[in-house]
Amino acid sequence: MAALALGRPGAGEYNEHYARYIALVPDGDIVETLAREMEATQALLSSVTAEREEFRYAPGKWSLREVVGHLVDTERLFAFRALWFARGGAGELSGMDQEAWARVSSAGARPLAELAEEWRALRRANVLMFGSFTPEDGARRGVASGYEVTVRALPWMIAGHELYHRARIRSDYLGEGS
């Protein structure tokens with residue numbers, strides 16, 4: 001059902017800013033992709049040593065803990081938007097200033113394992129939610145951050161955002177190259 005309900009969105013279904021993320025996501029059932037990629041990201045995060053958790057690859061950049069906190073915040077926000085629009089919520093939803101959110105987040109002070117477990121629990125819940133959406137749910141639209149978006153575009157944005165940051169964790173935080 002999910003593949004039909006939440007097929008790859010067209011360019012007119014999201015803000016062009018997210019095209020770079022969606023392009024990272026392989027074709028297929030997005031719900032299966034979210035579940036599969038969750039495991040790969042969890043494996044990467046569990047391999048991080050305690051000494052690397054607070055590492056910043058440059059002055060003013062987020063620590064690895066803060067990056068994972070950002071993944072949690074972004075996934076939670078995008079999933080809320082999907083639920084809001086799928087259920088027919090009215091009105092425009094405001095945007096997220098990721099830098100402002102990171103400044104007031106406690107992610108930098110939390111152990112990476114705790115942040116990773118929060119993200120995993122959130123992802124598991126989102127896999128179930130997105131898997132329950134019908135084609136009608138996926139086609140619904142709303143306005144978030146000043147741009148129209150379809151429900152089906154949001155899990156693709158979530159998956160692409162995760163893939164983008166996973167590559168950045170490997171290259172910038174763990175020195176593995178791209």
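Colleague: What is the relative accessible area of Arg140, and how should I read such a value?

Modeller: In this predicted model, Arg140 has a relative accessible area of 32% and is therefore partly exposed, since the partly exposed class lies between the under 20% of buried residues and the over 50% of exposed ones. Its salt-bridge partner is Asp137, with a distance of 2.4 Å from N to O, and Asp137 counts as buried because its relative accessibility is 10%.

Colleague: Where do Arg56 and Glu66 lie?

Modeller: Arg56 is in the loop between α3 and α4, while Glu66 is in helix α4, 10 residues apart in a pair that links distant parts of the chain. The closest N and O atoms of their salt bridge are 3.0 Å apart; Arg56 is partly exposed at 42% relative accessibility, and Glu66 is buried, with a relative accessible area of 16%. Salt bridges can also join into a network, as they do for Arg36, Glu37, Glu75, Arg123, Glu162 and Arg166.

Colleague: Which residues of the largest nonpolar core touch the most other members?

Modeller: In soluble globular proteins, nonpolar side chains tend to be buried together. Here the largest nonpolar core has 32 residues, and Tyr14, Ile30, Phe130, Phe133 and Met157 are those that touch the most other members. Helices α2, α3, α4, α6 and α8 each supply at least two residues of this core, and the largest share, seven residues, comes from α8. Leaving out residues up to four places away in sequence, Met157 touches Tyr14, Tyr18, Tyr21, Ile22, Phe78 and Val149. Apart from this core lies another, of 14 residues, including Leu44, Val48, Leu115 and Ala116.

Colleague: Which residues is Leu83 in contact with, leaving aside its neighbours within four places in sequence?

Modeller: Leu83, which lies in helix α4, is in contact with Met129 and Phe133 once those neighbours are left aside.

Technical notes:
Residues numbered from 1 in each chain as written. Predicted model: local features only at pLDDT ≥ 70, side-chain atom pairs only at ≥ 80, totals over all residues. Heavy atoms only, no water. Core = buried A, V, L, I, M, F, W, Y, C linked by side-chain atoms within 4.5 Å. Buried < 20%, exposed > 50% of the residue type's maximum accessible area, 1.4 Å probe, protein only. Helix = DSSP H or I, 4+ residues; strand = E, 2+ residues; numbered from the N terminus. Contact = heavy atoms within 4.5 Å. Salt bridge = Lys/Arg side-chain N within 4 Å of Asp/Glu carboxyl O.
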